[in-house]
Amino acid sequence: MSTHRLRAIALNCATAALAPLLLLQGRRVRRRIPMLAEPPGERRGESLDGRPLRLLILGDSAAAGVGASSQVNALSGQLVARLSPHHALHWQLLAQTGRRARDGLHALIHEPSLRCDVVLTSLGVNDVTALASPKQFYADMQALITRLREHAGARLILLSGLPPMGEFPALPQPLRWRLGQQAQLLDHALKRLADQHADCRHLPFGPLPSASLLASDGFHPGPQAYALWAESAAQQIAKWQRSQQR
């Protein structure tokens, strides 16, 4: 039995022991954390100069830019700003607060005409808070990757890593510890997927440099965090394009 499987079993046992407290803390967090809205702004667009590139950003509230004042300084706007000077870019944001991995797949099924070259996903945080099993999360993301490849024509799929939820100031202990451990397990599933598919890359979130990078709710990224995220994605896209020219 793998180390990660043993770890998941141990966490399930700890969850059972702590269940009453975790449920109480979860309810309190939902009442206390302000519900930030998805910011206004364009969710699709194009630029006409450079090499053609079709970009899809797919995911949850972070993909939708919650924590930013507009889409311009959210993930989509900051990534588009980095890519558009060099590409005839056609881009689309397909994101919604609360979306889990399986919801991302359903969203794609309802967009049968969608086509893209590069996809950036932001999925998993809601699977963490639902305590989804790593096995189920892996299967859901595997199905999503297959759909992107076979029906949307994706040639590069960037899987954004799970954030270090064990460092989120909005979460009390032991809920913070429990969700942090779950995030690590699901992030490991994303790494496995990236390792097993030549057209996938894992974008690690890494440790949280400062709580000031988070939004006012202490949970979502702020504009500076979105900038770091967009820069990491843009670098991976540029690296992939260079490899295609060899």
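Modeller: Before we start: a salt bridge here is a side-chain nitrogen of Lys or Arg within 4 Å of a carboxyl oxygen of Asp or Glu. And keep in mind that this is a predicted model.

Biologist: Fine. How many salt bridges does that rule give?

Modeller: The count comes to 6 salt bridges.

Biologist: Let's take R54. Which residue does R54 form a salt bridge with?

Modeller: With D117, and the closest N and O atoms of the two are 2.9 Å apart. R54 lies in strand 2 (residues 51-59), while D117 lies in the loop between helix 3 (101-109) and strand 4 (118-122), so the pair ties together parts that are 63 residues apart in sequence.

Biologist: And is R54 buried or partly exposed?

Modeller: R54 is partly exposed, with 33% relative accessibility.

Biologist: What about D117, buried or exposed?

Modeller: D117 counts as buried because its relative accessibility is 8%, and the cut-off for buried is under 20%.

Biologist: OK, next one. What does R82 pair with?

Modeller: R82 forms a salt bridge with E231, and their closest N and O atoms are 2.8 Å apart. Distant parts of the chain are linked here: R82 belongs to helix 2 (residues 75-83) and E231 to helix 7 (residues 223-244), 149 residues apart.

Biologist: Where does R149 come in?

Modeller: The R149 side chain meets that of D199 in a salt bridge, at 2.8 Å from N to O. R149 is in helix 5 (residues 134-151), and D199 is in the loop between helix 6 (175-196) and strand 6 (200-203); the two are 50 residues apart, so this pair also links distant parts of the chain.

Biologist: And D199, buried or exposed?

Modeller: D199 is buried, with a relative accessible area of 15%. Salt bridges that share partners also join R54, D117 and R155 into one network.

Biologist: Switching topic: which residues gather in a patch of positive charge on the surface?

Modeller: That patch is R27, R28, R30 and R31. Take R27, whose place is in helix 1 (residues 3-32). R27 is partly exposed, and its relative accessible area is 47%.

Biologist: Let's zoom out. How many helices and strands does the chain have?

Modeller: There are 7 helices and 6 strands. In sequence order the pattern is α-β-β-α-β-α-β-α-α-β-α-β-α.

Biologist: What about the overall dimensions? What box do the C-alpha atoms fill?

Modeller: Along the principal axes, the C-alpha atoms fill a box of roughly 55 × 40 × 35 Å. The radius of gyration is 18 Å, which agrees with the value near 18 Å that a compact globule of 246 residues would have.

Biologist: How much of the chain is buried?

Modeller: Buried residues make up 52% of the 246 residues. One of the buried residues is L75, at 0% relative accessibility, and its place is in helix 2.

Biologist: How far apart are L75 and A198?

Modeller: L75 and A198 are 25 Å apart in space, C-alpha to C-alpha, and 123 residues apart in sequence.

Notes: Residues numbered from 1 in each chain as written. Predicted model: local features only at pLDDT ≥ 70, side-chain atom pairs only at ≥ 80, totals over all residues. Heavy atoms only, no water. Helix = DSSP H or I, 4+ residues; strand = E, 2+ residues; numbered from the N terminus. Buried < 20%, exposed > 50% of the residue type's maximum accessible area, 1.4 Å probe, protein only. Patch = residues over 30% accessible without salt bridge, like charges linked within 9 Å, V, L, I, M, F, W, Y side chains within 5 Å. Areas by Shrake-Rupley, 256 points an atom, 1.4 Å probe, with all protein chains shown as cover. Lys, Arg positive; Asp, Glu negative; His and termini not counted. Charge placed at Lys NZ, Arg CZ, Asp CG, Glu CD. Rg over C-alpha atoms; globule rule 2.2 N^0.38 Å.
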